[in-house]
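Subject: Handing over a structure, with notes

Dear colleague,

I am passing on the structure that we spoke about, and my notes on it follow below. Please read them with the structure open beside you.

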Amino acid sequence: MMSVLIVSDIRLYREGLAQVLGGESLFRLTGTASSPDDAMSRLHAYVPDLVLVDMAMAESAHLIRSIRALVPDIKVVALSVAETERDVCACAEAGVSGYVARNASLADLVATLESAARGEALCSPRMAATLIRRVAALARTQPAGSAQLRLTPRELEILHLLDGGLANKEIASRLGIEVATVKNHVHNILEKLQVHRRGEAAALARSAQIRRTSQSLC
């Protein structure tokens with residue numbers, strides 16, 4: 001069962017979503033927040049598995065970045081997203097694990113949350129193509145291999161495992177290191193590649209043809 005926090009400044013919307021998710025056996029509502037400050041306060045007290053953020057709310061993108069800075073592995077789903085290139089890319093750059101379009105149904109909402117919980121993302125073919133073009137454009141802003149020069153051998157190893165879909169705990173077990181150490185490496189990788197999400201880092205690495213180094217891992 002996945003614990004969920006709903007964030008929206010519209011009370012009717014918050015309560016409606018809470019009622020819907022309350023009837024789903026896969027989810028457990030931990031509470032609702034009416035503002036970014038309220039949301040961050042609740043996250044400092046308790047970290048749920050999923051956070052739903054209403055993108056019609058002021059400072060919603062900033063809130064998502066703040067949430068992921070506080071809890072890098074948390075799943076954030078953006079709600080009420082206009083399915084345009086600008087808005088979908090803005091959500092991806094903020095670090096969402098999935099989004100629900102403005103014209104989506106309740107069934108679409110539940111399916112998106114289930115996908116996010118599995119580490120997957122539901123996206124229309126048109127928006128998927130948009131995101132692929134965006135990643136390719138990011139890759140063209142730096143020479144092939146330049147990112148590899150900035151990553152340490154250990155970071156390259158972890159980036160390869162991220163590309164394989166492994167979670168932090170799985171990476172720690174595979175490499176025989178602490179989870180906190182993996183988190184630090186992932187944070188450094190995202191900073192060096194100038195992306196917000198693990199999947200973006202892996203995609204950018206493939207686009208730039210970054211490969212595992214044969215040097216000894218540090």
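A crossing of two helices is called left-handed if the near helix is turned anticlockwise from the far one by less than a right angle, and right-handed if it is turned clockwise. Helices (H or I, at least four residues) and strands (E, at least two) are DSSP runs, numbered from the N terminus.

This is a predicted model, in which local features need pLDDT of at least 70 and side-chain atom pairs count only at pLDDT 80 or more, while totals for chains, interfaces and linings use all residues. Residues are numbered from 1 along each chain as its sequence is written, and side-chain values use heavy atoms, with hydrogens and water left out.

The chain as a whole

The chain holds 11 helices and five strands. Of its 218 residues, 44% are buried, where buried means under 20% relative accessible area, exposed means over 50%, and partly exposed lies in between (1.4 Å probe, protein chains only). The chain exposes about 11,400 Å², of which carbon and sulfur atoms supply 51%; accessible areas come from the Shrake-Rupley method with a 1.4 Å probe, and for residues only the protein chains shown count as cover. Among the contacts in the chain with a separation of 6 or more, 63% are between residues 24 or more positions apart, a contact being heavy atoms within 4.5 Å.

Helix packing

The axes used here are lines fitted to C-alpha atoms, for helices over the stretch in contact, and the angles run from 0 to 180 degrees between N-to-C directions. Angles under 35 degrees count as roughly parallel, over 145 as roughly antiparallel, 65 to 115 as roughly perpendicular and the rest as oblique.

Helix α9 (residues 168-175) packs on helix α10 (residues 179-193) at an angle of about 110°, with their axes 8 Å apart, which makes α9 roughly perpendicular to α10. The crossing of α9 past α10 is right-handed. In this contact, Asn-168, Lys-169, Ile-171 and Ala-172 of α9 meet Val-179, Val-182, Lys-183 and Val-186 of α10, and by class these are five nonpolar, one polar and two charged residues. For these classes, Ala, Val, Leu, Ile, Met, Phe, Trp, Tyr, Cys and Pro count as nonpolar, Asp, Glu, Lys and Arg as charged, and the others, Gly among them, as polar.

Helix α10 also meets helix α8 (residues 153-163), their axes coming within 10 Å and crossing at roughly 90°, so α8 and α10 are roughly perpendicular to each other. Val-186 of α10 takes part here as well, and its partners across the contact come from α8, whose residues there include Ile-158 and Leu-162.

Helix α2 (residues 36-45) and helix α3 (residues 60-70) pack at an angle of about 10° with axes 10 Å apart, and α2 is therefore roughly parallel to α3. Their contact consists of seven nonpolar, two polar and no charged residues.

Single residues

Most residues other than glycine have a negative phi. Glu-59, although not a glycine, has a positive phi of about 65°; it sits in the loop between β3 (50-54) and α3 and counts as exposed, at 54% relative accessibility. Ser-80, in strand β4 (residues 75-81), likewise has a positive phi, of about 60°.

Thr-84, in the loop between β4 and α4 (85-94), is partly exposed at 37% relative accessible area. Its C-alpha atom is separated by 7.8 Å from that of Met-127, 43 residues apart along the chain.
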